[in-house]
Structures are given as structure tokens and as C-alpha cells.
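Have a look at the model first.

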Amino acid sequence: MNLMEAMNARHSVRQYKNKPLESEVICALQAEIDSCNRESGLHIQLVTNEPKAFAGFMAHYGKFRGVTNYIAMIGKKEAGLDEKCGYYGERLVLKAQQLGLNTCWVAMTYSKIKSAFSVEQGEKLCIVISLGYGETEGVAHKSKAFHQVAETDGQAPDWFKNGVEAALLAPTAMNQQKFKFSVKGNQVFAKAGAGFYSKIDLGIVKYHFEIGAGKPGMEWG
């Protein structure tokens, strides 16, 4: 499964089977996390066999069930942290999909179990990503049209259209897709809308855009 296939196959899943992650899957995920941490300077951590975070009322209210594995997106408190967590977190989401796992971005409906991961001085836990073997593969979310999220001056190049279409496959908070893309030459401008977690969403959709566009020399404006 390549990344575009993973994007199309990935849907948010909140209920998981009582099935532990295989050791080879954990190793592959950890290798990708290590790579993301090296590139980004983040402190992303994989938590396995930990049922307490999703055992409380809020998790049940959010319809989560059977969650014992998750990725903690942690980094230094600085400008751009949320966007960076979105970008690298979605890279891990698609890697998990390629490994046969299901995932869901989780903002509030979980409990912070301090013994499960390490938050160093000057760092913060941004968000977590549940993962495991889903009871279902989930369902596709409703999506806006290209013209609702893209601002073009005349005919847009095909690579830009492909990037936007890939971005529309990305998960966003409350599925509101509050983002805008525009293009000038090889420069692409991405803008987050107002709302909770919109900067995390921006990082997620920028990763999708890059994969969909597949444009050598493309730069973010």
C-alpha cells in the first residue's frame, strides 16, 4: 500500500479489537517515530498495552472502546508546535495504515496517564492518536469541494489540484476542513481557519498536500 492508497483507505476508527500489536508492527512504528523525532525535534512516544487513558467517562462519551495503544505527540512549547505535531502525526497515521492498523486523532476525550509517557521540562503534550486493529475500517467523511478550499487565479496546475484533493482526504477537527490553499508558481500558501486545533489540522493537511502534489521543487510560502 503506497501513501496515496493509505490516504484513501484511512478513516477515523474509535472501536478496537482486543488484539495486541505484533512485535514487528511495534518495531516498524517505533522506527518511523524515531525518524520523525530526528527530523522534527519532537518527543513523540508510542504507548502500548495501556488501557487507563481511554477508560474514563470522556472516552466513553467520545465512543472510544478497546483503546490500549496510542501515540503521544509531545514537543517543546514554541511557536509552530501544533502544526509540527499535525504534520508528523499524520505521517505516523499513514504509516500505521500501511501496517494494517486503524487510527483516530484524539484531542480531549482521554485521560493523561503521566506514567505512560515522559513530558520533559519546557515540553507539552499536544494531542494523542489512538491506534490498533479496528472493529471496522471506518467510513469516509463528508468533504468540501475543491473550490471551497482552494483560491486560484485562473487555471490551477494539475499538481496543485492533486495536492488539494489529497488534503481533502485528511482528518480535521469536527471534520470542518477549515483551511485554504493558494498557489503562485512553485510556491503554495496554506492558511488555517479559526477554531480549536486548526493549527494541528494545518500540519495534517500540508502533509497530505505534499504527498498528493508530488511536485519536486514545491515550496511553502
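This is a predicted model: local features need pLDDT of at least 70, side-chain atom pairs count only at pLDDT 80 or more; totals for chains, interfaces and linings use all residues.

**Exercise 1. Work out how helix α2 (residues 23-40) and helix α4 (residues 81-98) are arranged, and which residues meet.**

Step 1. Two packed helices are described by the angle between their axes and by the distance separating those axes. For α2 and α4, the angle is about 160° and the axes lie 10 Å apart.

Step 2. Angles over 145 degrees count as roughly antiparallel, so α2 and α4 are roughly antiparallel to each other.

Step 3. List the partners. On the α2 side you will find A28, L29, E32, I33, S35, C36, E39 and S40, and these meet K84, Y88, R91, L92, K95 and A96 of α4. Sorted by class, this contact has seven nonpolar, two polar and five charged residues.

**Exercise 2. Describe how α4 packs against α7 (198-213).**

Step 1. The axes of α4 and α7 come within 6 Å and cross at roughly 50°.

Step 2. From α4, the residues D82, E83, G86, Y87, E90, R91 and L94 take part, meeting K199, I200, L202, G203, I204, K206, Y207, H208 and E210 in α7. Six nonpolar, three polar and seven charged residues make up this contact.

**Exercise 3. Repeat the analysis for helix α6 (residues 158-167) and α7, and find how many charged residues their contact has.**

Step 1. Here the axes come within 7 Å, with a crossing of roughly 140°. That makes α6 oblique to α7.

Step 2. α6 passes α7 in a right-handed crossing.

Step 3. W159, F160, N162, G163, V164, A166 and A167 of α6 meet V205, H208, F209, G212 and A213 of α7. The classes split into eight nonpolar, four polar and no charged residues.

**Exercise 4. Characterise the largest pocket: its volume, its lining and the element that gives the most to that lining.**

Step 1. Start with the volume, which is about 980 Å³.

Step 2. Turn to the lining, which is made of 38 residues; R14, W105, T172, A173 and M174 lie nearest the centre of the pocket.

Step 3. Sort the lining by class: 21 residues are nonpolar, 13 polar and four charged.

Step 4. Look for the elements behind it. β3 (102-106) and α7 each supply at least two lining residues. The top contributor is α7, with four residues.

Conventions: Residues are numbered from 1 along each chain as its sequence is written. Side-chain values use heavy atoms; hydrogens and water are left out. On a 1 Å grid over the protein atoms alone, a cavity is a set of points where a 1.4 Å probe fits but cannot get out, and a pocket is an open set with protein on both sides within 12 Å along at least five of seven lines; lining residues have an atom within 4 Å of a point. Grid points are joined across faces, edges and corners, and a volume is the space filled by probe spheres set on the points. Ala, Val, Leu, Ile, Met, Phe, Trp, Tyr, Cys and Pro count as nonpolar, Asp, Glu, Lys and Arg as charged, and the others, Gly among them, as polar. Axes are lines fitted to C-alpha atoms, for helices over the stretch in contact, and angles run from 0 to 180 degrees between N-to-C directions. Angles under 35 degrees count as roughly parallel, over 145 as roughly antiparallel, 65 to 115 as roughly perpendicular and the rest as oblique. Contact means heavy atoms within 4.5 Å. A crossing is left-handed if the near helix is turned anticlockwise from the far one by less than a right angle, and right-handed if clockwise.
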